[in-house]
Structure formats: structure tokens, C-alpha cells
Amino acid sequence: MAASKASRIGEEIWKTRIDKVNAELVTLTYGTIVAQLCKDFEDDYPEVNRQLDKMGYNIGLRLIEDYLAKSNTMKRCSNFRETADMISRVGFKIFLNITPQVTNWTADNNSFSLVFDENPFADFVELPDDGRAQNELWYSNILCGVLRGALEMVQMQVEAHFISDVLKGNDTTEMRVTLIRYIDDELPPEDD
Amino acid sequence: MSAAIPSVACLGVIGRNNNPLHISIFPSYDPTANAFTPIRNPLQFSLLLSSTIDVFDLRSKTSTASGDFGLLHAIDDRLAAYGFETNTGVRMVCIVDMRGRRVEAGGSGVAGPGGGAAGASTASSTSASAAAARSSVGSVGAGLRDSEIKPVFRAMQSAYVRLLQNPFYDPDEHAPLGGKGGRRITSKKFGDDMKRIGEAWTPGVTNL
């Protein structure tokens, strides 16, 4: 499916089939979750990243069903490049109303970057100034988990992590997504 | 031939426990040295801000609905303190230096400390307001209208709102219930906002 067609689908679903909520509600709720995790784990930021990823994973497992229902695409993506376009132009579009750029493909087409020009989760946020959060905390790490969980449900095992974040002073917010393997449907043992 | 126009000398934010949350000090033009230096030291500014608390307390009994306290007190012939209080008890004070900046009467624009450093956008807004500022030059000493200070408080309040929306900013830490103490604001973004507001304001600026 062409990228432009994916954009059109995303736009169409966003306009007609999505219930909207106030953006500040989302931002403040997510912010509270991250801040509370930091408090609960006593500023152990690697652990906070892990928890966010886990929460995202559990969201992804469920969210994919909603995505498939709304996007109404029974057709499978024919390759990982198409998957990437659908994630950006339909997935992110209908749930967050953003379309991160898909770039930096590796030669084997198994790994790409999502570059976030805007990130509704990170509005207003300033990372704690304790000398560690700037290096260790990936504020929007929940998104990595969401992708991992959602793609796992459609037979793709991926690895996703952020490699830069404007909150840390980087120029862009960039997530790296790498396809590890297609999970084959487990066939029942044949009885010859 | 040049004339002096008002500029912001200090912006202060005071928490509901009468604790200092933030103080920004801005240099004023000193014609004898032809340079920009603050006209009071940080301790003196801190004392001036503290002294406004009493005025806030007195006025709050007959308070205005809008939270705008207008002129709190004129400190001397140069400095005047204006105040604003939110419903949550956070007070914002703007100390204005009536002769903090200089405009060339010929109309070449405003000489401000932020002219170069503050970037093109503020520089252009400053020169656009220069004309408005020059027209009010004649009335220096007669004081400023409260409406001229209003944009400062509006901008300070929206900066404060943005600060509160940062999930890592814990309002309780900065003004704990029980009425004692509180930590200062350490946010760099908030500090930058205050710096921008203080440098960009001149009489006649409506949007900061």
C-alpha cells in the first residue's frame, strides 16, 4: 500500500471514527504516571524505563485489536516497510494525531527510525535536574512498549528503543525499531 | 539627544507562604558609565520584594476581583513596584525602573541590554514598540498606567502555568501546606521566560 494511501486512511479514520479527549488530560495523566514511577522507584531511572515499557507492552497487546477494528484493513502488510508506514500514518495518526517520519532504513529493510516532530506526551515537560535523569530517563518509553506489544500480536517480534529525545537537549526525538523475526504461527504437530 | 524610558528592573514571584519562588534582576542603563548595570544589588531587591508582602496583605482586605494590585508602592523617583496575585495566593511583583533604558530622540530605536542577546524576534518587537514608548517619554515621572504593566503579569502567569504543567514540578515542595517555607523554582525554562519578559517589556508592549 502506498504511503499516501495510508495517510488518507489515517486522516479519514481520525476524522470519522475516533472519540477525542482533551490533549492536556492525556499529557498531564501520562506525566503523573512517569513522575509517580520516578518517586516509587526512588529515581532508579533504568527501572522506570523498564516499567514504562512493560505498561506500554500491555497496552499494545490490547490496542492492536482496536487498531485493526478501526482501520478495517484485513489485508496484511506485504513487507516491513509497509508496516512502518502503517504504524506512522495510521497507528500514530488515529491514537495521537501525529505522524512521525519514517527514516534511516538499514540496507536489509529490517530496521528504521521514527522521528517525532511533535510529541503530545512531552508538552510542558522538563526533566528533573538531578544530573541523572537527563542521561538515563526515556520519558516517552511507553511508546516503545506499545509498538512491541502491538506488533507481537500480529506475528512480528520487534525491538524498540529511543535513541534521542528533545527533552534531553537533542535536536530530534527518535525511536529505533528493529524487526527481529516474524513469529510463525505454531502449527499443531502433524500426525502422519 | 536621548531620553530615558521605563524598563523592568526586577521580576519576583512570591509563594503563598510568603516564600521567595523566583527573582530575576535586569540591568538598567547607567548614563555616567554608558553601560548596563543593575541599580540595586540582589539583597536590596530581595528586601524590596519582601516589603511588598505587607502591601499585598493590607490591600487584600479590600481586594480587587481581578487580582491586579496595580502600583504597590513607589520606592523612590526611579523605582516603582507593581503587583498581581492569583487566587491560589501566588504573588507576582514587577519592579520598574522609570529611567532604565534610553531612546535616541532621533528615532534610531531602543538601546536595551537584550537587543543582541535576546534574539531577532524580541529585538524587532522592541523596536516596534519604540515608537509607542517615545510618545510616552514626555510623561516619565508621571508614572505608568496599570494597563501598561498588565502584559507583564499576563505573561508571567502563563509562564507559571506552563511550569505547573511540568509533571516533575511538585507545587507542594515549593509552598507546603502549613504555611512555612518552600523551595525556590529551579526550572530553566521558567527562568528563561522571566528573562525574556523582563527584557522585552517597554511601555506600549501589549504582547509578551
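This is a predicted model: local features need pLDDT of at least 70, side-chain atom pairs count only at pLDDT 80 or more; totals for chains, interfaces and linings use all residues.
View 1

View 2. E1(A) pairs with strand E2 (residues 111–116) of chain A in the antiparallel sense, over three bridges. To find this pairing, look for A:Val102, whose bridge partner in E2(A) is A:Leu114. E2(A) is also joined to E4(A), by six bridges, and these two strands run antiparallel.

**View 3. Helix H1 of chain A and its two faces.** Helix H1 (residues 3–16) of chain A has 14 residues. From its first C-alpha to its last, H1(A) reaches 20 Å, close to the 20 Å expected at 1.5 Å a residue. Its buried residues are A:Ala6, A:Ile9 and A:Gly10. Seen down the axis of H1(A), they fall within an arc of 100 degrees, so they line one face of the helix. What covers them includes helix H3 (45–71) and H4 of chain A. Turned away from that buried side is a face with the exposed residues A:Ser4, A:Lys5, A:Lys15 and A:Thr16.

**View 4. A proline in a loop of chain A.** A:Pro120 sits in the loop between E2 and helix H5 (133–136) of chain A. How many C-beta neighbours does A:Pro120 have inside 10 Å? There are 15, so A:Pro120 counts as partly exposed, given that a residue is buried if 20 or more other C-beta atoms lie within 10 Å of its own and exposed if 12 or fewer do. Leaving aside residues up to four places away in sequence, A:Pro120 touches A:Ala23, A:Val26, A:Thr27, A:Leu96 and A:Ile98. For a sense of distance, pick out A:Glu11 as well: A:Pro120 and A:Glu11 are 109 residues apart in sequence and 18 Å apart in space, C-alpha to C-alpha.

**View 5. Where the two chains touch.** Chain B gives eight residues to this contact and chain A gives 11 residues. The side of chain B that touches chain A has two nonpolar, four polar and two charged residues.

View 6. Chain B has six helices and eight strands, and its elements run β-β-β-β-α-β-β-β-β-α-α-α-α-α from the N terminus on. Strand E1 (residues 2–14) and strand E2 (residues 20–25) of chain B pair in the antiparallel sense over five bridges. Within this pair, B:Gly12 stands opposite B:Ile23 in E2(B). The two strands form a hairpin with five residues between them. In the turn you can find B:Asn18, which has a positive phi of about 60 degrees.

**View 7. Helix H4 of chain B and what surrounds it.** Helix H4 (residues 146–164) of chain B has 19 residues, which should span 27 Å at 1.5 Å a residue; its end C-alpha atoms are 27 Å apart, so the two values agree. Which residues of H4(B) are buried? They are B:Glu148, B:Ile149, B:Val152, B:Phe153, B:Ala155, B:Met156, B:Ala159, B:Tyr160 and B:Leu163. These residues cover an arc of only 160 degrees around the axis, which puts them on the same side of H4(B). They pack against E1, strand E5 (68–74), strand E6 (79–85), strand E7 (91–104) and helix H6 (188–200) of chain B. On the other side of H4(B), B:Ser147 and B:Val161 are exposed. Across chain B, with its 208 residues, 39% count as buried.

Technical notes
Residues are numbered from 1 along each chain as its sequence is written. Chains are lettered from A and ligands numbered from 1 in the order in which they are written. Two strands pair if DSSP finds at least two bridges between them. Helices (H or I, at least four residues) and strands (E, at least two) are DSSP runs, numbered from the N terminus. The expected span of a helix is 1.5 Å times one less than its number of residues. The arc is that of the directions from the helix axis to the C-beta atoms. Two residues are in contact if their C-beta atoms, placed from the backbone, lie within 7 Å. Ala, Val, Leu, Ile, Met, Phe, Trp, Tyr, Cys and Pro count as nonpolar, Asp, Glu, Lys and Arg as charged, and the others, Gly among them, as polar.
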